[in-house]
Amino acid sequence: MCAVLSLVLGTPPHPLVDIADGIRHLQPRVSESQAMEYARFFMAESRDTGIDWPIAVAVAMKESSLLHHRAGKDGEVGLFQILPRAHPKVDVVLLHDVAQNIRLGFARLELVRDKCRRPASVEHWIGKYRG
């Protein structure tokens, strides 16, 4: 909605708005405020890790349908379906926190990307992320 409004007004859309609009397009059940929150975290982690945010959003969509309250059958939690036993030093409550879950999801993507032989295709290292 905001991106459309910016086009009508002739102002360039803000990157966060583009990300939030993309998230809402993929998962309409995410509220505008949640989508903006996700967008801020995705963009910050993208800057910090060098992993393009669209790749991370696609992984989160595949893992949880972009629903942060989603829990997996094996105990995975959050947007990136983080397994608590994979992070024994992290309080399980923090895994449910959107910012922490996104941070750990990007960290996992970064680890897998760096372990793959270079040049590895994005599809290859995303496949490794998913097991």
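At 1% relative accessibility, Asn101 counts as buried, and the position of Asn101 lies within helix 6 of what is a predicted model. When neighbours within four places in sequence are left aside, the residues in contact with Asn101 are Val77, Gly78, Leu79, Phe80, Gln81, Ile82, Leu94 and Leu95.

The chain that provides this setting is made up of seven helices and zero strands, and its elements, read along the sequence, follow the pattern α-α-α-α-α-α-α. Of the 131 residues in the chain, 37% are buried. Among the contacts between residues at least 6 apart in sequence, 40% join residues at least 24 apart. The chain exposes about 7,800 Å², of which carbon and sulfur atoms supply 58%.

Helix 6 covers residues 98-115. Its 18 residues should span 26 Å at 1.5 Å a residue, and this agrees with the model, in which the end C-alpha atoms of helix 6 are 26 Å apart. The buried residues of helix 6 are Val98, Ala99, Gln100, Asn101, Ile102, Leu104, Gly105, Phe106, Leu109, Val112 and Arg113. At the start of this helix, the backbone nitrogen of Ala99 has a side-chain oxygen of Asp97 within 3.3 Å. Ala99 itself, placed in helix 6, has a relative accessible area of 11%, and Ala99 is therefore classed as buried, the limit being under 20%. Although Ala99 and Arg40 are 59 residues apart along the chain, a distance of 9.2 Å separates their C-alpha atoms.

Leu16, Val17, Ile19, Ala20 and Ile23 are the buried residues of helix 2. Because these residues cover an arc of only 160 degrees around the axis, they are on the same side of helix 2.

In soluble globular proteins, nonpolar side chains tend to be buried together. In the present model, the largest nonpolar core has 26 residues, and those with the most contacts inside it are Ile23, Tyr38, Phe42, Leu79, Phe80, Ile102 and Phe106. At least two residues of this core are supplied by each of helix 2, helix 3 (32-49), helix 4 (53-64) and helix 6. For Leu79, one of the residues with the most contacts inside the core, the partners in contact, leaving aside neighbours within four places in sequence, are Tyr38, Ala60, Glu63, Ser64, Leu66, Leu67, His68, Val98, Asn101 and Ile102.

The loop between helix 4 and helix 5 (92-95) contains Arg70. With a relative accessible area of 31%, Arg70 is partly exposed, a class that lies between the 20% and 50% limits. Leaving aside neighbours within four places in sequence, Arg70 is in contact with Arg29, Ser64, Ser65, Glu76, Val77, Gly78 and Gln81. Val77, Gly78 and Gln81 are among the residues in contact with Asn101 as well. The C-alpha atoms of Arg70 and His96 are 9.3 Å apart in space, the two residues being 26 apart in sequence.

Key
Residues are numbered from 1 along each chain as its sequence is written. This is a predicted model: local features need pLDDT of at least 70, side-chain atom pairs count only at pLDDT 80 or more; totals for chains, interfaces and linings use all residues. Side-chain values use heavy atoms; hydrogens and water are left out. Buried means under 20% relative accessible area, exposed over 50%, partly exposed in between (1.4 Å probe, protein chains only). Helices (H or I, at least four residues) and strands (E, at least two) are DSSP runs, numbered from the N terminus. The arc is that of the directions from the helix axis to the C-beta atoms. A nonpolar core is a set of buried Ala, Val, Leu, Ile, Met, Phe, Trp, Tyr and Cys residues joined through side-chain atoms within 4.5 Å. Contact means heavy atoms within 4.5 Å. The expected span of a helix is 1.5 Å times one less than its number of residues. A polar contact is a pair of N or O atoms within 3.5 Å; within protein, one must be able to donate a hydrogen and the other to accept it, and residues adjacent in sequence count only if both atoms are side-chain atoms. Accessible areas come from the Shrake-Rupley method with a 1.4 Å probe; for residues, only the protein chains shown count as cover.
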